[in-house]
Amino acid sequence: MARFALPALVALLLLAACTGGGLGARGAPSGPAAPVGPLEQGSPDAPAAAAAPDALRTAPTPSEDPYPTGPDPRLGALRTVFEDEVAAARTRLAAVTGLTLPGALVELAALGDEGVPFRIRSAVREGRRVARITVNAEPLVSGRANLARVLLRALGAAAYEDPAPRGGPAPAWLKELAATAAAGDLDQRVEELARRLDAGEARAARVDPADPQAAEATGAAALLLLTEAGRPGEVRRFLRFAAEGDDPSLLLGRLAREPGGEWVGRARTLLLASLDEVDLAPGRLVREARRVLAELGRAGLEAWLPAAPPAAAAADLAHLRAEAAAREGDLDAARALLRALPEDAAARLSDPAGALALGARIEARPGGDAARARHLAQRLDFEHPRSPARLDLRREHPLLGLE
């Protein structure tokens, strides 16, 4: 599978910062409310980093960078601020909750999967087991994720990586709750769940502590229950006692005054009420526009589109109009629509990989900008390595972006 210097890129991106850490509660860090996918755990048998110093890697010099143009400024910006952001996240979490992650390793890498914001594995450092967090550069570079938020979520989940206090692994919903409380992004998580539920994913509203596949909804629902009475101290107490080995389900029931596991029903009710409050009109408008294009074609879409669409749907609709124009061979119109979008617009689209692939395709045609086509193809290679759109573009233009 063709990639644009990915092995070199992986090696160049590794960074780390290794001091204390902890957790935090509500109050989201600044940055776009970009989707951050479910937690992904690595293998406990992964190679350890016991002998690694605090600074695991040094940033490459500009001459070593495989991206001298295009996305390189964003990668360079990540490398420049990464260790400072890690330190700030540790400080914020410890100040808010009092929990720490002594010796935890935090590094930056390209994981080859844009759907994974970070991975948590185990490492042995100075004779003891610690968490090793690998933050994925791909969604950060594309703008689909925010560095401060990802770090806070990763540190929150990693606080429950050690199975010793509980005699076994922590439940997935507890890690999701801790990650969300740490990042202070409960409102964003609820919005993401509401959009997924509206798109037909029933699991997005399933609250079941026994089902790891329902961890995201269960974690959000449990946190809503803890914060229902407006007492942030309850979240802090829950996180601390759960980290010390208390059964999280029984502990949550006591704190929420819903003993015997009865908290699940109340938490589900709170989650469903919160999901109902999310504005889903922009996503529904885009889905309906796709249906109109499929049934009525470009002319029907142009006649159907509202004169003043919601701002949250504007970029998606512009991309859809460009797609319709390209289908009819009106490449000039398609290029004009895509070039008018901001450089970071793809991060806000429902199909960012498809938008980059479409842009590369039409710029590679006669009359387009060959340099822009290569730039978009290189972005697609790095930002969306597992996307079918990337594979399709490679089959059509096997050398695009690789010259």
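**Close-up views of a predicted model**

**Figure 1. The lining of the largest cavity divides into nine nonpolar, one polar and three charged residues.** Ala, Val, Leu, Ile, Met, Phe, Trp, Tyr, Cys and Pro count as nonpolar, Asp, Glu, Lys and Arg as charged, and the others, Gly among them, as polar. The model is predicted, with pLDDT of at least 70 needed for local features and 80 or more for side-chain atom pairs, while totals for chains, interfaces and linings use all residues. Residues are numbered from 1 along each chain as its sequence is written, and side-chain values use heavy atoms, without hydrogens or water. Searching the whole structure turns up two cavities of 30 Å³ or more (on a 1 Å grid over the protein atoms alone, a cavity is a set of points where a 1.4 Å probe fits but cannot get out; lining residues have an atom within 4 Å of a point). The largest cavity has a volume of about 180 Å³, a volume being the space filled by probe spheres set on the points, with grid points joined across faces, edges and corners. Of the 13 residues that line this cavity, Leu338, Ala346, Leu356, Arg372 and Leu376 lie nearest its centre. Helix 14 (352-364) and helix 15 (370-383) are the elements that give two or more residues to this lining; helices (H or I, at least four residues) and strands (E, at least two) are DSSP runs, numbered from the N terminus.

**Figure 2. The second largest cavity has a volume of about 30 Å³.** Its lining is made by Leu193, Arg196, Arg203, Ala204, Gln213, Ala214, Glu216 and Ala217. Helix 6 and helix 7 are the elements that give two or more residues to it. Sorted by class, this lining has four nonpolar, one polar and three charged residues.

**Figure 3. Helix 6 packs through its buried residues against helix 4 (147-158), helix 5 (172-183), helix 7 (215-227) and helix 10 (263-276).** Those buried residues are Leu186, Gln188, Arg189, Val190, Glu192, Leu193 and Ala194 (buried means under 20% relative accessible area, exposed over 50%, partly exposed in between, with a 1.4 Å probe and protein chains only). How far apart are the end C-alpha atoms of helix 6? They are 18 Å apart, which agrees with the 18 Å that 13 residues (186-198) should span at 1.5 Å a residue; the expected span is 1.5 Å times one less than the number of residues. Just after the helix, glycine 200 takes a positive phi of about 105°.

**Figure 4. Serine 274 has its place in helix 10.** Is serine 274 buried or exposed? It counts as buried, because its relative accessibility is 18%. Apart from neighbours within four places in sequence, serine 274 is in contact with Val190 and Leu224 (contact means heavy atoms within 4.5 Å).

**Figure 5. Strand 3 (residues 118-125) and strand 4 run antiparallel and are joined by eight bridges.** Two strands pair if DSSP finds at least two bridges between them. The two strands form a hairpin with two residues between them, and glutamate 126 in the turn has a positive phi of about 55°. In strand 4, valine 135 is the bridge partner of phenylalanine 118, and threonine 134 is that of arginine 119. Valine 135 is also the bridge partner of leucine 108; strand 2 (residues 105-109) pairs with strand 4 in the parallel sense over five bridges.

Figure 6. A pocket is an open set of points with protein on both sides within 12 Å along at least five of seven lines. Eighteen residues line this pocket, with Thr100, Leu101, Pro102, Ala159 and Asp162 nearest its centre. Which element gives the most to the lining? Strand 4 (residues 128-136) does, with four residues. The lining has eleven nonpolar, two polar and five charged residues.

**Figure 7. The chain as a whole has 16 helices and four strands.** Of its 403 residues, 52% are buried. Among contacts between residues at least 6 apart in sequence, 75% join residues at least 24 apart.
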